[in-house]
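Welcome, and thanks for taking a look at this one. Please have the sequence and the 3D view open side by side as you read.

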Amino acid sequence: MEKFIFEYKEKSELYLKKEEGDGKVEISKDLLQKKELGLPNISEGTLVRHFTNLSRNNFGVDNGFYPLGSCTMKYNPKVNEKIAGNDKFLNSHPLMDEEYFQGNLELLYNMGEMLKSISGMAGITFQPAAGAHGEVTGIMLIRAYHNFKKDTKRNKIIVPDSSHGTNPATAAIADFEVVEIRSNKDGLVDLNALKKVLGPDTAALMLTNPNTLGLFEKEILTISKMVHDAGALLYYDGANLNPLLGRVRVADMGFDVVHFNLHKSFSTPHGGGGPGSGPVGVSKDILPFLPVPIIKKDKDLFSFNYDLKNSIGHVHSFYGNFNVIVRAYFYILELGIEGLRKVSEKAILNANYLKEKLKKYLELPYKSNCLHEFVLSGEKLKAFGLHTTDLAKRLIDYGYHPPTIYFPLIVPEAIMIEPVETETKEVLDKFARDFEKIMNEASSQPDLLKEAPHNTPVKRLDDVMAARNPVLTFDDYESSNK
Ligand SMILES: *Cc1c(COP(=O)(O)O)cnc(C)c1O
């Protein structure tokens with residue numbers, strides 16, 4: 001291969017020059033840098049300190065309890081980082097010939113088999129890069145199924161009022177009409193409300209079970225029969241599968257399509273926008289529509305199969321975020337079926353333990369036993385001129401990542417807590433003690449909460465402005481302070 005070197009000829013004239021030979025390639029003037037980069041002129045030490053200190057301002061599962069609720073980051077075993085960082089995985093490229101990455105294909109194939117046995121579904125695609133991406137893929141598959149049957153009038157998707165925001169957003173983005181149904185007094189799907197809206201124009205009902213209140217839909221088999229009798233399909237939001245692992249299979253509850261979040265239920269890290277992995281599982285009837293390619297096993301040989309004539313096509317380049325799948329694969333192998341059953345047992349035990357401790361301080365609107373998470377209402381704080389957001393901000397001062405607040409929408413002043421399966425009793429007890437302290441502060445010194453957080457580099461932010469007008473670069477910061 002010829003080697004090129006850069007060389008400065010005169011100021012602002014850059015040449016690309018072959019190391020041998022005389023061919024000089026001039027770079028066009030308009031590609032040249034036209035003004036100073038404006039980089040701060042500082043010493044290496046100052047720079048290293050700057051970034052090291054910035055990194056310490058990050059809060060993550062590695063430096064504290066993070067009981068978010070719904071989108072909770074669960075356990076991220078360090079050994080899986082090491083495995084995923086192996087250069088055999090890192091240096092393979094999807095454009096190599098299949099014979100050179102048989103091991104990767106085998107891993108994907110086996111992972112598919114494991115997710116199939118965990119969920120009872122008939123087929124899997126690993127292409128979607130996140131939960132919401134899995135939802136859109138799943139809903140496109142549902143449309144392909146109805147269209148294939150020439151049943152083209154089904155333009156509505158039903159979601160409960162407790163549903164995760166991505167569910168109605170998915171339905172809308174896929175060009176369906178969203179029909180919302182109210183939950184009953186127990187926080188579950190109201191069968192009468194469902195019956196009223198089900199019809200020949202229903203494409204699917206999207207559910208998560210346990211729902212976002214952390215409650216198990218006990219009537220799921222009746223719901224599934226009602227939906228199927230109406231000719232519609234049942235979609236399962238399987239983002240948080242941890243409370244069901246090794247106990248309940250998605251297919252046995254009657255679901256036709258499911259997305260999993262490997263970056264929640266199967267230990268892979270998330271946050272900061274990814275990368276994630278939201279594989280989709282489907283029942284036998286939906287198999288022909290899966291995105292291509294799917295992975296084929298022929299004796300001991302693995303290959304990509306593009307030969308699915310009713311496929312919805314690609315939803316991601318190549319085959320999804322491979323290295324995320326590697327982590328999840330080893331997590332499942334490390335635990336085995338007994339380990340997975342322990343995950344669900346502990347997720348449920350931890351959530352109920354903490355729920356019982358905290359319901360002394362805030363109202364628990366839905367009283368039944370929860371699965372992996374529970375939701376309290378901060379209505380009581382109003383008596384002190386406070387809101388749930390003030391409690392959440394004060395938790396930061398105590399070294400916690402605040403739980404999810406104001407979701408689900410059906411609980412006023414909601415605070416949603418998922419302790420996750422791997423936290424110890426000591427951590428949960430301390431959290432409950434600190435929660436009690438904050439509730440005492442709320443009545444005796446409400447301003448402490450109102451002005452919290454006190455010990456962070458930036459204090460109370462304007463949440464709306466921070467989301468709409470984020471100041472992410474030094475230049476933005478300079479111009480916003482002019
Ligand atoms: C996290 C989550 C999603 C969306 O997953 P992303 O990977 O964030 O797109 C969907 N539904 C539920 C219930 C979730 O918790």
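How many nonpolar, polar and charged residues does the shell around the ligand have?

## The ligand shell by class

By class, the shell has four nonpolar, seven polar and three charged residues. Here Ala, Val, Leu, Ile, Met, Phe, Trp, Tyr, Cys and Pro count as nonpolar, Asp, Glu, Lys and Arg as charged, and the others, Gly among them, as polar.

Before going further, a word on the model: it is predicted, so local features need pLDDT of at least 70 and side-chain atom pairs count only at pLDDT 80 or more, while totals for chains, interfaces and linings use all residues. Residues are numbered from 1 along each chain as its sequence is written, and side-chain values use heavy atoms, with hydrogens and water left out.

## Contacts with the ligand

There are 14 residues around the ligand, and G131, A132, D237, H263 and K264 come nearest; a residue is near a molecule or strand if one of its heavy atoms lies within 4 Å of it. A side-chain N or O atom of H164 is 3.4 Å from a nitrogen atom of the ligand. A polar contact is a pair of N or O atoms within 3.5 Å; within protein, one must be able to donate a hydrogen and the other to accept it, and residues adjacent in sequence count only if both atoms are side-chain atoms.

Taken alone, the ligand exposes 380 Å², and the protein buries 88% of that. Accessible areas come from the Shrake-Rupley method with a 1.4 Å probe, and for residues only the protein chains shown count as cover. The elements that give two or more residues to the shell are α5 (131-148) and α9 (262-265), and α5 supplies the largest share, three residues.

## The protein as a whole

The protein comes to 15 helices and 15 strands, where helices (H or I, at least four residues) and strands (E, at least two) are DSSP runs numbered from the N terminus. Its C-alpha trace spans about 80 × 65 × 45 Å along the principal axes. Of its 482 residues, 47% are buried; buried means under 20% relative accessible area, exposed over 50%, and partly exposed in between (1.4 Å probe, protein chains only).

## Salt bridges

You will find 21 salt bridges in the structure, each a side-chain nitrogen of Lys or Arg within 4 Å of a carboxyl oxygen of Asp or Glu. D201 pairs with K156, with the closest N and O atoms 2.7 Å apart. This pair links distant parts of the chain, 45 residues apart: D201 is in the loop between α7 (191-197) and β7 (202-207), and K156 is in strand β5 (residues 156-160). D201 counts as partly exposed because its relative accessible area is 22%.

K185 and D186 form another salt bridge, at 3.8 Å between the closest N and O atoms. K185 is exposed at 71%, whereas D186 is partly exposed at 39%. K359 and E356 meet at 2.9 Å, N to O, and K355, E356 and K359 are linked in a network of salt bridges.

## A nonpolar surface patch

I42, L47, F51 and L54 form a nonpolar patch on the surface, with about 370 Å² of accessible area together. Patches are made of residues with over 30% relative accessible area and no salt bridge, joining like charges within 9 Å and nonpolar side chains (Val, Leu, Ile, Met, Phe, Trp, Tyr) within 5 Å. L54 sits in helix α1 (residues 44-56) and counts as partly exposed, at 43% relative accessibility.
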